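Hi there,

Here is the structure I promised to pass on. My notes on chain B follow below it.

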Amino acid sequence: MFTIPVITAADFGPLIPAILLLVGAIIVLLSEVFLSTASRSYQSVITALFGTAAAVIAVGAVGEAPRKVFLGFAVSDSFSSLITAVICVGLVLAALVARGYLHDRHSERGEFYALMMFGAAGMSLLSVSNELITLFINLEVLSIATYALTAYLRRGARSTEAGFKYFILGAFSSAILLYGAALLYGATGTTHLSEMAGPLAEAFQSSRALVYAGVFLVGTGLAFKVAAVPFHMWTPDVYEGAPTPVTAFMSAGVKAAAFAALVRVFLSFSPGMPDAPLLELFATLSLLTMIVGNLLAIPQRNVKRMLAYSSIAHAGYVLAGVAALFATGAGEAGFRVIGSMEMHNAANAAVRSDALKGILFYLLAYTVTGVGAFGLISALERREDEDRGTAWDLERFAGLAQRKPGWALAMAVFMLSLGGIPPTIGFIGKLYIFRAAIDAGMTGLVVVGVLTSAASVYFYLRVVVYMYMRPAADGAVTHNTHWSTETALVLSTAAVVILGVLPGPVTGWLAMGGSLFGQ
Amino acid sequence: MSFFDSHLTSLVIFLPLLFAALLAFLPNAERGQLRTVTLIGMLLDLVLAAWMYLKFEPAGAEFQHEYRVRWLDDFGISYHVGVDGLAVSLILLTAVLGPLVVMASWSFVQERTKEFHIALLVLQVAMLGALSSLDVVLFYVFWEAMLIPMYLLIGVWGSEERQMAAMKFFLYTLAGSLLMLVAIIALYLIAQPSGSRSFDYATIYNALVGANRELSACMAAGASSPLCTNLSPMALTLKSWGPWMFAAFALAFAIKVPMFPVHTWLPDAHVQAPVAGSIILAGVMLKMGTFGFWRFAIPLFPSVAREARPLLAALSVIGIVYGALMCLAQRDIKKLIAYSSVSHLGYCMLGIMAMTLEGASGSAYQMLNHGVSTGALFLLFGMLYERRHTRLMSDYGGIASVMPVFAVAFVVITFSSIAVPGTNGFIGEFLVLLGTFKSSLWTGFGVLATTGVILGAAYMLWMVQRVFFGQLTHRENAHLTDMNWREMATVAPFLVLVLVMGLMPQPFLDRLNPAADRFVDRFNVGARDSRITDAEVRMVVAQLPPRAAQPLPGAPRPLGLGNVQPVPLSAPLRPAAPAPAAPVADPHAGHNH
């Protein structure tokens, strides 16, 4: 007999940030209809306010006991709250940067900010999704918003090309994910992640190939979204072609949300199948991503493209943290590819909790640094250079220290943080990730990570070289300054430095609540 | 203990940062003002450092002027600073060089003066911080932070090939130190069980003492002895992973020293750096490498260090002889001084590797000497370069006849550099060689190192002769002016130090000897015929202040915005946590040689 499900008000609690973002998006859309002012700069302010409110509410929910809502279709835990907070930080910074950027191009429209907020709502919902179909739908919500945002400057060829490329490949990866989900449903008879473990263990005995196929296809679909090598091909073109504030938002938000989904899906598979293949899968992905991302960034003279490759590389470091989640009985036989180390290993739960903290902190670190760096690029680029493709050339940074000392300092701080040099937030992030990975026995992986990040300092420092050590090109350009962009830059620079020296508040949130993660 | 006493070390470290912040608000065009403010900051810092040096009790506790507060509790990282005899001496050296460097660049740096002085001050903070950190991660943070201002000093204010040299310097050092970071994390995971882990230097050391003794005893007895079959789990872990961790630490420090095969960044960096950069690089930053061996690499892994000792000693001797031979082949004066640094730092490393009291304290003394004499050489050559803008020896000749005062100063410093008795260099090199001959190292090392002394005299005197004496060969040189008052005031402290440290070494050695003594004891724990007990070498440091009252993690909290600010760590936890390192009587503190 079919019973009508009971949904109470409490079920909506975890969704408040997403609901706020949706309300904000609708307000922006309606204001477009009912207000006829010439300037639309208030829209970015509305976006920033709603984003801030959502972030504050999400952080306020940190530390609550994990609970299932909506009949188990969604789950609320500290992990999802913190991911939502990270997404909102990215949204606020990107919206502030976008105001000046769109103003200079005479293309401020309500749909831009509405799409950003719809996308952010999708990301927030993705982080609470606890069922494969829900997960897929939210992934599509965020993806479609970002496809449209990528092609937003539809007059230029680049933006359109990037949007189309992103759409084709994104749709393809979603289909792969869906295919994997279907196979897993076939194997287990459920799409609820929290009920997956038991049937998965049975299916693993009877039809192992089916399980593996499903797991790897789901993994592939999500690896596309986080831009892990070898599923990274779309990233440089899309990141370069998209309007720069959108790139900033994508590099932070989409990545954080996709990692949230990845962690949630695979942690719920983990009790039903041996951890070794998962560990090996993610360790290999991490290894490839770190190496390829950093190596391909070295020859880039286009700073925006360099940052795109760098964002691939940073996904590799986060993946090392993801791999550490599955290191049960680290140092045991069966896993020698990446090297292992015997020591009094922390209990499995402790490693897992450290790895989750590391992933969250790293995502936050990358968000404030990456959005700041892309924001600075967007402040620096000029409309007329874009078609020639020289808007992001290293030469644009020559002599910036004399023309714009504040911007140069901010960019230098971002570059050092991306390179993981103390005392910046990037260093603390790397410390978190590497600690979890070494504790999980993956010393070899960490050594590779450390060496690649030493190599990466070369191309990050090259920007500093141009800013501080090269004279400005002739006919130095004047730059339009906007209070909103400056605010975003000041905020992110301050966050990078202050949280690099005193990460207290954030580590406090991470330490609160016994279990970060709930099923 | 007063607020001033408990915060003295932090004040010494961060006072320059305060002045850097002050500088940021001064107008760019007021160069004189910028220089004066920087000079005042450096001088105040020197006063504080000298006060700290004088207050340091040679016979007292190992670490003095300690201060410890909670910082990153989640990792077990605390803000823990304090100094031992070696650190306090190197801090004094750094603080002495600070004002002199500002005076040396008084007329040299005309472009971007403000940024230059901010970089100098920030560099000072990082170096002082690295020398006084008693938490491994804190040390690492300062260690890496040194790179950025130095990179800018070379890259922005250097000469023609500066960008390549700056990049080479940065990447070389970074690659080494990142591997050290892996070793640091691994050490942290090994030393303590989950839950009580700490990055505190003394905590890690004390946790490893027992295992290190077992390993050293096992090595002394041979692989088949029962001592090797009943190793504790920690000793087993250290046995398999210790060599790798030691290698990572040693590589990072060897690059900084620089030791023989990884020295190639140094000549480039020195040649391209501005005078101030060269002085600091030679004077302080190279010592960070030897200091690192002394503080971290060897005490934490004594058994591995014992195995690697012949190799490291051989590399040091190769560095001594190779550096000296390279000097003989140079036509570029700055490059010559740079290679002479490779040679001199070889003595410092050899003295450490001798593992005798004489060797270790000689090495420490040589670190101070090299800072004074090579710093002064770079300073003096900088004055010459400012006048003639050439680094080639062949462009000079007979300079003594036009710049007599300058020539006298240069010759005195040269004597110090080649260890003429009566100058400071003599004491250091003599102790190092004495320690090497007395040690269990192969005698050939001592003999070869002694030839380095002779070669050193040869290349320095040869250079002095070609530059200063003989006929005035170039007409451009006829109108060079001698040193002005500012330049004399800059050089005078170096000359005084050369003579004072050469004639009255005892006050300096008093502070170095207990540190050297402990260093040698820590190396010898568990070695054959050694009767040193674990308790004797354990480190006594301040404990963490008690945690401020806060709700238990996971305690139910009502939802609301009021809870957004969690308690832990965001604010400085305790206003003035005392660092009550009760001076525990150390049985070894007294007997100096």
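**A helix pair and a covered helix**

Helices α4(B) and α5(B) are roughly antiparallel to each other (an angle over 145 degrees), because their axes cross at roughly 175 degrees. α4 covers residues 85-104 and α5 residues 113-132, and the axes come within 9 Å. Axes here are lines fitted to C-alpha atoms over the stretch in contact, with angles from 0 to 180 degrees between N-to-C directions. Among the residues that meet are B:Leu90 and B:Gly98 in α4(B), and B:Leu120 and B:Met127 in α5(B); a contact means C-beta atoms, placed from the backbone, within 7 Å. This contact has 9 nonpolar, 4 polar and no charged residues, with Gly counted as polar.

This is a predicted model: local features need pLDDT of at least 70, side-chain atom pairs count only at pLDDT 80 or more, and totals for chains, interfaces and linings use all residues. Residues are numbered from 1 along each chain as its sequence is written, while chains are lettered from A and ligands numbered from 1 in the order in which they are written.

Chain B has 22 helices and 2 strands, taken from DSSP runs (H or I, at least four residues; E, at least two). Of its 593 residues, 59% are buried, meaning 20 or more other C-beta atoms within 10 Å of the residue's own.

Helix α18(B) is mostly covered, with 11 of its 15 residues buried, including B:Phe426 and B:Leu433. Its buried residues pack against α14, α15, α17, α19 and α20 of chain B.

Best wishes

Key
Parallel < 35°, antiparallel > 145°, perpendicular 65-115°, else oblique. Contact = placed C-beta atoms within 7 Å. Buried ≥ 20, exposed ≤ 12 C-beta atoms within 10 Å, placed from the backbone.
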